[in-house]
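Dear colleague,

Please find below the structure that I am handing over to you. My notes on it follow directly after.

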Amino acid sequence: MKVNTFFIVTRYLSSRTSNRRPYITLGCERGGANKSRTKPVVDDEEEVQVKRQGPYGTNKCGCPFKLKGEQIAMCENWQVFVHDGRHNHAIGVHTYSHAQAAKLTEEQLIQTEQLKKSHVPPHNILRFFWDQNVGCTVRYCQKIYNVVAKIKKNRMHGRNTVEEVLYLSAKRGYTVFYRNC
């Protein structure tokens, strides 16, 4: 069995209206065009194009692959039409660069939370996932940092940093002196 590593994403999803049947448009992850990396700057009454700072790589290459699905009028079944079934790029060899494939699973999220409670650094959490699973798609430590930040934010229950310090101090019996301005 041959496995292709093309990733299909939702381009457009219509809502149900009284006049129209709902439909969905699917396309290749690499479809579309990359954004312009220049911005106009006026210097001495002359407009100059200056490159923007930031990451320069993109996965977009204008892939024309497109599917459209429509709901059949009298039932809950869907009909799929292929608008363009070809890709204008090579099949990906590695899936770890794809956003959908590199997400942490529910089990990995729970393990990350448990390891972070044990004060394990994020790079060691990533190493743990690599050692545990040979086919692990998580390749970058930034994903672990993002999950840890989300865990911290959920734990704070909407309090800002100062409020969290005051809350934890009161909870653990510390005396805190501060002045109101």
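How many aromatic pairs does the count come to? The count comes to two aromatic pairs, where rings of Phe, Tyr and Trp (its six-membered ring) pair if their centres lie within 6.5 Å, and planes under 30 degrees apart count as stacked, over 60 as edge-to-face and the rest as tilted. One of them joins tyrosine 12 and tyrosine 23 in a tilted arrangement, with 5.7 Å from centre to centre and 35 degrees between the planes. This pair links distant parts of the chain, since tyrosine 12 belongs to strand S1 (residues 8-13) and tyrosine 23 to strand S2 (residues 23-28), eleven residues apart. Helices (H or I, at least four residues) and strands (E, at least two) are DSSP runs, numbered from the N terminus.

Please note that this is a predicted model, in which local features need pLDDT of at least 70 and side-chain atom pairs count only at pLDDT 80 or more, while totals for chains, interfaces and linings use all residues. Residues are numbered from 1 along each chain as its sequence is written, and side-chain values use heavy atoms, with hydrogens and water left out.

The sheet is open and has four strands in the order S1-S2-S5-S6, with antiparallel pairing; two strands pair if DSSP finds at least two bridges between them. S1 and S6 stand at the edges with a single partner strand each, so one side of each has no neighbour in the sheet. From one strand to the next, the twist averages 25 degrees.

Within the sheet, S2 and S5 are antiparallel and share five bridges; threonine 25 has lysine 68 in S5 as its bridge partner. Strand S5 (residues 66-71) is joined to strand S6 (residues 78-84) by six bridges, and the two form a hairpin with six residues between them.

Turning to the helices, H1 (residues 106-117) and H3 (residues 141-156) pack at about 75 degrees with their axes 10 Å apart; axes are lines fitted to C-alpha atoms, for helices over the stretch in contact, and angles run from 0 to 180 degrees between N-to-C directions. H1 is therefore roughly perpendicular to H3, a term that covers 65 to 115 degrees. Leu109, Thr112, Glu113 and Lys116 of H1 meet Ile144, Val147, Val148 and Ile151 of H3, where contact means heavy atoms within 4.5 Å.

With kind regards

Technical notes: Angles under 35 degrees count as roughly parallel, over 145 as roughly antiparallel, 65 to 115 as roughly perpendicular and the rest as oblique.
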